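Colleague: I would like to go through some of the labels used for this model and ask what each one rests on.

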Amino acid sequence: MFLRSRGWLWIATVFQALVQALHGQTAAPSLALAPSSSAMQPVSPREPDEWNLEPPTLEQQTPAPFEQEPGWSGGLANPGNNEFEVPPEELPVDPRSFGLKYSLGPIDIRPVMNFSATYSDNILESTTNRLTDLIYIIAPGLSLSAGDYMAKQYSFFSLQYIPTLNLYNHFSTLNSLDQHLRIDAQYGLERLKLSGYFGYDKAFGGNRDIGGLVNSEYYTMGLEAKYLLNEQISLEALGDQTFADYGSSGIGSREFVNHDYVNYQFTPKLTVSAGTAFGILQPYVGGTQTYEQGLFKVQFVSTAKLSFVGDAGFEFRQFPSGVGTRFTPVFTLSANYQLFPGTALTLSGSRNVTYSAAVTGSNYTATNVTAGITQHVIGKLSLGMSFGFENDSYFQVSGASPGALQRVDNYFALSPNLTYKWNDWASVSVSYLYRDNQSNAPARSFYNNQVSVQVHIGF
């Protein structure tokens, strides 16, 4: 009887072990105490959680700002057991791997080439003297970069230079060589981020304020400092300087503006800021202007659907010669929305005050908005459409001739395009552009049709 009972006990024990094995558990002695809840937790929060099979969220994969840039390992940190590793095709991709690139030590060299042929039925943007021509544009360029120049959260350096050759098929006297130079640098500490830039642009092209084709030169430079007080609050200060020159065609100027913000991060996706701006504008002909702005800014970034950055506020601008102070609402905005898979919407706009390079003693308020949609058609082919509108309202500030016209311009632009993208560094597109500027100054009105074919190679 004792042997029979002992046999049944042995069979029951084996059966219990098999059941536990089928459920992924190991058999424990029947007299052992059950482990406590604390024993089932990882030893350290830095160790992989063996009992949570959910992959880490995007916020957990993204490094915190202002930390030392991690080296790219090609995988997730602390992958844990091999059976739970992310498949290679699902690993996050280093954004620096995109584009046509050659590396020389820590420096990434990215060549670029843009070629386009454009037919225009009004190359001078003239009301009466409408000349047509075929314009060839060749723009070979190069960028030299090092560090975190893609995400721009850590230290980096970037230099970009693109000369642009404009060749007119019939009116060769209009041929020109434009220049574009941009240098950006940033140094990131644990809580402090310092950055600066310098830009030079030289171009021969249309200028709606002055009218016709104009030689323009711009020098821009700026510094920015951002300090992180804690995980939610940061302070930001920016200073920008611009020099503009139009030769004998218009009135040049220099302008300095300082922006200061207090930023509060409600969530990793939502940041709200309050700030002020102070600026000095000095036209080379006419008196100096000063202005102050109060601004409220919102930044919302959702990687899946929506990103939005916008600020709105007011400006008080003072003029020389006892003209007084002028109050103007101002704003800037930029938004992107993924409506459906393969369908993206964009929206941008601004309202600001600046001086007129064409009329001595005049300023104008420019209010503009641009909307666009891009639709994936099939394969690597996509269709796009953009529409833009700007209203320029001029007003006298000092030194203007008595009875001078209070000019108002309304500018429209419409452009559909078809783009075929071979890969992340090569594409070809065909586009049509219609522009129409309606002004109560008859000499500034014009309309223009353009058809272009463009090939882009590079980053």
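Colleague: Why is Gln-179 called buried?

Modeller: In this predicted model, Gln-179 has a relative accessible area of 18%. Buried means under 20%, so Gln-179 falls in that class.

Colleague: Where is Gln-179 found, and which residues is Gln-179 in contact with, leaving aside its neighbours within four places in sequence?

Modeller: Gln-179 belongs to strand E5, residues 176-188. Its contacts beyond those neighbours are Tyr-161, Ile-162, Pro-163, Tyr-200, Asp-201 and Lys-202.

Colleague: What makes the pairing of the Gln-179 and Tyr-161 side chains a polar contact?

Modeller: The distance is 2.3 Å, and the cut-off is a pair of N or O atoms within 3.5 Å.

Colleague: How do you know that Asp-184 and Arg-182 meet in a salt bridge?

Modeller: Their side chains are 3.0 Å apart, N to O. The limit is 4 Å, so the pair counts as a salt bridge. In general, side chains of opposite charge can pair when their charged atoms come close.

Colleague: Why is Asp-184 called buried, and why is Arg-182 called partly exposed?

Modeller: Asp-184 has a relative accessible area of 17%, and Arg-182 has 30%. Buried means under 20% and exposed over 50%, with partly exposed in between, so Asp-184 is buried and Arg-182 is partly exposed.

Colleague: What makes Asp-121 and Arg-130 a salt bridge?

Modeller: The N to O distance is 3.2 Å, again set against the limit of 4 Å. Asp-121 is buried at 14% relative accessibility, whereas Arg-130 is partly exposed at 27%.

Colleague: How many salt bridges does the rule give?

Modeller: The count is seven.

Definitions and conventions
Residues numbered from 1 in each chain as written. Predicted model: local features only at pLDDT ≥ 70, side-chain atom pairs only at ≥ 80, totals over all residues. Heavy atoms only, no water. Helix = DSSP H or I, 4+ residues; strand = E, 2+ residues; numbered from the N terminus. Buried < 20%, exposed > 50% of the residue type's maximum accessible area, 1.4 Å probe, protein only. Polar contact = N/O pair within 3.5 Å; in protein donor to acceptor, adjacent residues only side chain to side chain. Contact = heavy atoms within 4.5 Å.
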